[in-house]
Amino acid sequence: MRPVGQGLREPRSARVKTIAIFGGTGALGSALAGRLSKAGYDVLIGSRDPQKAAAFVAETKAARPDFCGTGLGLAEAAARAELAILSVPYSAQAETLALVKDGLAGKILIDATAPLRPPKVGTVQLPQAGSAAVEAQRLLGSDVRVVSALQTIAAGKLASGRAVDGDVLVSADESDAAELVCGLMNELGLRAWYVGPLANSAAAEAMTAVLVQINRRYKRDQSGLRITGKPKEAPGESALRRSDGVAVTPLRGLPLFGPGDDLAHALGDSIIREGLAPEDGDVLVVAQKVVSKVEGRAVRLADVAPTPAGEALGRQSAKAAELAELIAAEAREVMRVREGLVIVRHRLGHVAANAGIDFSNVADPGGPPTVLLWPIDPDASAERLRAALELRFGARLAVIISDSLGRAWRAGTTGTAIGVAGMRPVRDRRGESDLFGRVLQATFVGVADEIAAAASLVIGEAAEATPAVLVRGAVFDPPDGTGAAGLIRPLEQDLFR
Ligand SMILES: NC(=O)c1ccc[n+]([C@@H]2O[C@H](COP(=O)([O-])OP(=O)(O)OC[C@H]3O[C@@H](n4cnc5c(N)ncnc54)[C@H](OP(=O)(O)O)[C@@H]3O)[C@@H](O)[C@H]2O)c1
């Protein structure tokens, strides 16, 4: 069955805003409530005892004042919700559904019930109807659309607030209901797969007993399920692929980053917040500054001890000796020097002013002078981000680390790729025909630089407001292992040296 991408197809608020959780005071229900509230939903905690629900909400708000929830009895929660989740023990499923049935008419119910029957919770014991979700559908009738989900996700993992390294299997008889639920799961930071009709919920429900066995036998904590395998068609597989247009979407709401922060996780969360559903061939462009920051590449000038060579370069360029020292250390070759400017061939091969070292957006203006160096290995940084985001979203992605560089013979800086993963940085169009059927002879396109330049139209230079964008629709070839070095003209071909 097909995986469903991240984010809802339509604006979320246009469809559902208020979600009830029957059993919201329990382990799974409370974890879901936290994530739903964080994702912007109004949560109705449905309990057999409205006072218990109200106390639960008061307690949660005391710990997390931004929690958006209301405690109610089961029937009232059902009546007020636009969509509901059932997370009660299997033994209480039928009696709970009887209480909420009327209020759910015309709505979707996500059934998380696993039919575990103590004491043998490590043995698969499916109900006679085939699964608990099928039973729920029978009990509720066709007025309610039951979607099965979440059985393979441990409540503790959800409650942690961190990324969950497990997948959700979603089954439903109607694909639009399943896709809506997949989108909702994505918003909660979960990868979801629409695996077919509601009858297939038996597999997910049975899996919980299997996971219980794995936890016990192999002393694992909250084991989960991961669907592996790669999408069939690699992006750019066809050299003749044409772009239908390129969209550049800013990833907003990212925090100010510091050393050691989990950039991949923050980018993934932002992608989900933007309601984006990453697709094969999407390119994430990330400003070098944030990558350098999380990798601890900020240097206080006061901590630099200039060598005589650094001091000499400082005098020649009228720059502080400490800064000149760093420029020299980052350079393979100093190419030109004039007052205020040092052009070097960076140790990574790129020709860049001041070795790409940057003063802006590093520390607060009143703080000690601090500069930011490029990452040690931007290709490796891009690859780490690519691998983490590909795992999270299940789509084949490329990542570019970009910086604004000047270009010989042209005025103005443009976004330029200094780290590349998941794509070939140049596109070889030799052999393709032009409009008039003439075969293109010497057409290498610096496609990673083109994408970085397009991204720089949106990436915030000054205020670091938007340090990353998602680019969709660019045509490129599969990776060839060269990384950003593939964009650097070999020295023996440089006619201007
Ligand atoms: N825990 C997990 O990791 C996990 C993961 C996936 C799926 N599930 C499934 O999700 C459902 C809920 O699991 P859970 O671990 O959250 O259970 P739980 O902590 O025991 O909570 C269940 C909630 O259901 C309500 N409830 C209604 N009738 C009940 C009854 N007769 N006995 C006990 N509680 C009753 C209770 O809320 P009120 O007292 O407020 O009514 C209780 O807080 C189960 O079907 C489970 O198989 C659990």
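Q222 sits in the loop that runs between α8 and β9. This is a predicted model: local features need pLDDT of at least 70, side-chain atom pairs count only at pLDDT 80 or more, and totals for chains, interfaces and linings use all residues. Residue numbers start from 1 along each chain as its sequence is written. The chain holds 14 helices and 20 strands. Helices (H or I, at least four residues) and strands (E, at least two) are DSSP runs, numbered from the N terminus.

- Most residues other than glycine have a negative phi, and most peptide bonds are trans.
- Q222 has a positive phi, near 55 degrees, and is not glycine.
- With 16 C-beta neighbours inside 10 Å, Q222 is partly exposed.
- A residue is buried if 20 or more other C-beta atoms lie within 10 Å of its own, exposed if 12 or fewer, and partly exposed in between; C-beta atoms are placed from the backbone.
- K219 lies in the loop between α8 (201-217) and β9 (247-250).
- K219 is not a glycine, yet its phi is positive, at about 50 degrees.
- K219 is exposed, with 7 other C-beta atoms within 10 Å.
- S243 also belongs to the loop between α8 and β9.
- S243 is exposed, with 11 other C-beta atoms within 10 Å.
- Leaving out residues up to four places away in sequence, S243 touches G473, A474 and V475.
- Contact here means that the C-beta atoms of two residues, placed from the backbone, lie within 7 Å.
- S243 and A474 are 231 residues apart in sequence, but their C-alpha atoms are 6.1 Å apart in space.

**Chain totals**

- Buried residues account for 44% of the 497 residues in the chain.
- Of the contacts between residues at least 6 apart in sequence, 68% join residues at least 24 apart.

**Ligand shell**

- The ligand is surrounded by 26 residues, and the closest are G23, G26, S47, A92 and A114.
- A residue counts as near a molecule or strand if its C-beta atom, placed from the backbone, lies within 6 Å of it.
- Helix α1 (residues 27-38) gives the most to this shell, with three residues.
- By class, the shell has 13 nonpolar, 10 polar and three charged residues.
- Ala, Val, Leu, Ile, Met, Phe, Trp, Tyr, Cys and Pro count as nonpolar, Asp, Glu, Lys and Arg as charged, and the others, Gly among them, as polar.

**Helix pairs**

- Two packed helices are described by the angle between their axes and the distance between the axes.
- Axes are lines fitted to C-alpha atoms, for helices over the stretch in contact, and angles run from 0 to 180 degrees between N-to-C directions.
- The axes of α11 (residues 308-317) and α12 (residues 321-330) come within 7 Å and cross at roughly 110 degrees.
- α11 and α12 are therefore roughly perpendicular to each other.
- Angles under 35 degrees count as roughly parallel, over 145 as roughly antiparallel, 65 to 115 as roughly perpendicular and the rest as oblique.
- In α11, A309, G310, E311, L313, G314 and S317 meet A321, A324, E325, I327 and A328 in α12.
- This contact comprises six nonpolar, three polar and two charged residues.
- α9 (residues 263-273) packs against α13 (residues 378-393) at an angle of about 45 degrees, with the axes 9 Å apart.
- α9 and α13 are therefore oblique to each other.
- L263, A264, L267 and G268 in α9 meet L385, A388, L389 and R392 in α13.
- The contact of α9 with α13 has six nonpolar, one polar and one charged residues.

**Buried helices**

- Seven of the nine residues of α5 are buried, so α5 is largely enclosed by the rest of the structure.
- The buried residues of α5 are A132, A133, V134, E135, A136, Q137 and L140.
- They pack against β4 (83-86), α4 (93-100), β5, β6 (145-148) and α8.
- G141 follows α5 and has a positive phi, near 80 degrees.
- Eight of the 10 residues of α14 (residues 447-456) are buried, so α14 is largely enclosed by the rest of the structure.

**Cis peptide bond**

- P118 and P119 are joined by a cis peptide bond, with omega about 5 degrees.
- P119 lies in the loop between β5 (108-111) and α5 (132-140).
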